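I open this notebook to record what I looked up in the structure. The entries follow in the order in which I made them.

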Amino acid sequence: MNIQESKISRSIDAVYRRCLVTNSRSLQNSHFNYTAFFTKTGHACHSEFTFKFEPIVNLSSAQTFGYEVLTQLHNCTNTELFFGKLPPERLLRHFFQQLTAIAHYPQDRWYFLNIPMNALLHWDLFNLEMVYYPPNVIIEIQDPETFFTLDLPQRSKLFEKVQHIEANGIPVWLDDVDASLIATFAAANWRLSGIKLDKHAFWALSASPHKLHQVVLMGYNIATAVLIEGIENHQQKDIALRSGADLGQGYFWPALLPDRK
């Protein structure tokens, strides 16, 4: 094994290891235990929304690393369309509502909370000192392609905000990246806690493991951890593991609905 391969095969950076679970409970048992916790504490339900948790799994150990937190609005048939029409101020308000709710959930996992790039540009950094942030929350920029539409001052402002947020101990990840986006952020000298390789990029590269490996290597140029999305079967899981990625996400690991009793 050469030095580069050894680097890729390393485990998650030490900053993440403290939240990895050491037991080997199955997802089904984990779901049962979560449901029992929520029923007992009564903290799971919110008057406006409930959550769906999509598992994020360590590809080497098969242990659950965390969950992407997706909001399910009551009496709303198209949640994605609804949030897509909200102004940045409303999106930030919802983000802070999610923070409040997540603080009551079990603390032995990371929780990935989505935020659009334009909302992040409107983020008042004063909130970093005024709002309680659970120590196991990760901010996930859900639309990195918006970076292409920003002018240089906006890109600089965004970079400064991300750096400030991470300096305050809150990891920031990029969601849905491909080789082009990775190259763009590398050229801009960005460095983040993690990236998620878009599922369509993964599916297209799955037939060429060497190319997939190269894209994963590119990912480590801008991030500490690389996650592959769109894993739906054992074969894809094995391909993702051999690519050198740290983490996986997809329908292969069923979503949890912790707010259902």
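I began with contacts, meaning heavy atoms within 4.5 Å. Of the contacts in the chain with a separation of 6 or more, 72% are between residues 24 or more positions apart.

I noted the basis of the values. The model is predicted, so local features need pLDDT of at least 70 and side-chain atom pairs pLDDT 80 or more, while totals for chains, interfaces and linings use all residues. Residues are numbered from 1 along each chain as its sequence is written, and side-chain values use heavy atoms, without hydrogens and water.

I then looked up burial, where buried means under 20% relative accessible area, exposed over 50%, and partly exposed in between (1.4 Å probe, protein chains only). Of the 261 residues of the chain, 50% count as buried.

Next I turned to nonpolar cores, sets of buried Ala, Val, Leu, Ile, Met, Phe, Trp, Tyr and Cys residues joined through side-chain atoms within 4.5 Å. The largest has 64 residues, and Phe95, Trp123, Leu158 and Ile228 touch the most other members. Another core, of nine residues, lies apart from it and includes Ile56, Trp173, Ala225 and Leu227. Leaving aside residues up to four places away in sequence, I found that Leu158 touches Met117, Leu120, Leu121, Phe147, Leu150 and Trp190.

Last, I examined Phe82 and Phe83. Phe82 is partly exposed at 34% relative accessible area, whereas Phe83 counts as buried at 16%.
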